[in-house]
Amino acid sequence: MYPTRPVGFSYHRASSVDEAVSLLGRLEGARPLAGGHSLLPAMKLRLTSPAALIDIGRIPGLNAIEHRGDGLRIGALATHADVADSDVIRGACPVLAEAAGLIGDRQVRNRGTIGGSLAHADPGADYPTVVKALEASIATSGPGGQRFVRADEFFTGIFTTALQPGELVTHVHVPTLPAGSGSVYLKHKHPASGYAVAAVAAVVTVEGGTCSRARIIVGGVTATPTDATAVAGALVGSAPSDEAVAAVAAKIPDALGDSFGDAYASAEYRVHLAGVLAGRALNAAFERAAA
Ligand code: FAD
């Protein structure tokens with residue numbers, strides 16, 4: 001029998017980032033609570049038992065989505081539905097809105113937050129793969145002040161990030177892509193949860209008919225999203241073609257490190273899917289770049 005109730009904990013609602021950081025520092029075994037869609041199930045199964053929950057869910061302004069000069073600024077409390085439905089994000093970075101719209105189901109999208117998803121760092125989650133492909137930065141606030149951590153350096157292992165004890169994710173900065181860019185996120189999702197069995201985010205830039213940049217990140221297959229951009233480098237300097245994309249896609253499986261399998265999908269199957277999705281994502285990204 002699995003446990004279905006968490007062990008006891010104290011509950012504190014923070015009304016500002018400073019108050020949340022102070023409570024996290026002061027209360028032993030304290031954890032932030034945002035949408036609760038990963039933390040609460042884990043607590044009910046007693047996979048984790050924080051002594052105190054610091055509810056950050058009602059901190060004013062922490063869900064703001066803005067387009068500034070150099071890109072998007074997305075508050076940690078923006079729900080997946082906020083991101084999927086945001087005209088600002090749809091206009092500036094459609095791939096991010098599309099990925100958010102693929103997360104879980106409507107209930108999950110209405111409660112789960114971008115900050116919670118990034119901090120949780122589930123290997124099957126969607127945002128980590130996409131923000132890494134978009135070369136985003138994650139802003140944090142903690143006892144040592146504010147930091148910006150590049151998405152490239154943020155995910156350090158399964159459910160593990162570069163967040164220091166007591167630090168909160170406050171927002172995500174997604175830089176504007178250059179003109180002539182196209183980006184696409186594709187996933188093969190688990191039919192029940194929606195988590196990625198394998199997923200690929202591709203970002204390309206085409207200038208004067210020549211590919212000047214190609215970035216590929218693979219999610220769901222390894223502990224953290226794998227950067228396979230070195231393989232995609234073969235596309236740079238030439239006009240995009242089906243043959244060149246197929247050659248890159250064929251090499252993606254070799255670029256993946258320790259892949260994992262589970263009851264639903266073997267490691268071998270996930271790796272195979274990654275190659276298939278990479279080919280499709282690159283072709284679709286080049287189509288968008290040309291549009
Ligand atoms: P919480 O559950 O509140 O917190 C998660 C963790 O992050 C906790 O450790 C918490 O302490 C910490 N945390 C939260 N906010 C912050 C912050 N601002 N700063 C620092 N630490 C913080 N995800 C996908 O990507 N794709 C899917 O297809 C998908 N399907 C799902 C299906 C189901 C049925 C469920 C229940 C979840 C699914 N999820 C999926 C996960 C979902 O997106 C979660 O909402 C998300 O992973 C966590 O966000 P949250 O706001 O709910 O965080």
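Throughout this talk, contact means heavy atoms within 4.5 Å. This is a predicted model, in which local features need pLDDT of at least 70 and side-chain atom pairs count only at pLDDT 80 or more, while totals for chains, interfaces and linings use all residues. Residues are numbered from 1 along each chain as its sequence is written, and side-chain values use heavy atoms, with hydrogens and water left out.

I begin with Lys-132, which is found in helix H8, residues 127–133; helices (H or I, at least four residues) and strands (E, at least two) are DSSP runs, numbered from the N terminus. Leaving aside neighbours within four places in sequence, Lys-132 is in contact with Ala-151, Asp-152, Arg-215, Ile-217, Pro-225 and Asp-227.

The side chain of Lys-132 does reach the backbone oxygen of Pro-225, at 2.7 Å.

Ser-183 is next, in strand E11, residues 181–189. Ser-183 has a relative accessible area of 8% and is therefore buried. Residues up to four places away in sequence aside, Ser-183 touches Val-95, Leu-177, Ala-202, Val-203, Ala-285 and Arg-288.

By contrast, Gly-104 is partly exposed, because its relative accessible area is 24%. Gly-104 sits in the loop between helix H5 (94–101) and helix H6 (106–111). With residues up to four places away not counted, Gly-104 touches Arg-109 and Ser-193.

Finally, the pocket. On a 1 Å grid over the protein atoms alone, a pocket is an open set of points with protein on both sides within 12 Å along at least five of seven lines, and lining residues have an atom within 4 Å of a point. The largest pocket is lined by 47 residues, of which Ser-38, Leu-39, Gly-116, Ala-119 and His-120 lie nearest its centre. Which element gives the most to that lining? Helix H7 does, with five residues.

Technical notes. Buried < 20%, exposed > 50% of the residue type's maximum accessible area, 1.4 Å probe, protein only. Polar contact = N/O pair within 3.5 Å; in protein donor to acceptor, adjacent residues only side chain to side chain. 1 Å grid on protein atoms, 1.4 Å probe; cavity = no way out; pocket = protein on both sides within 12 Å on 5 of 7 lines; lining within 4 Å.
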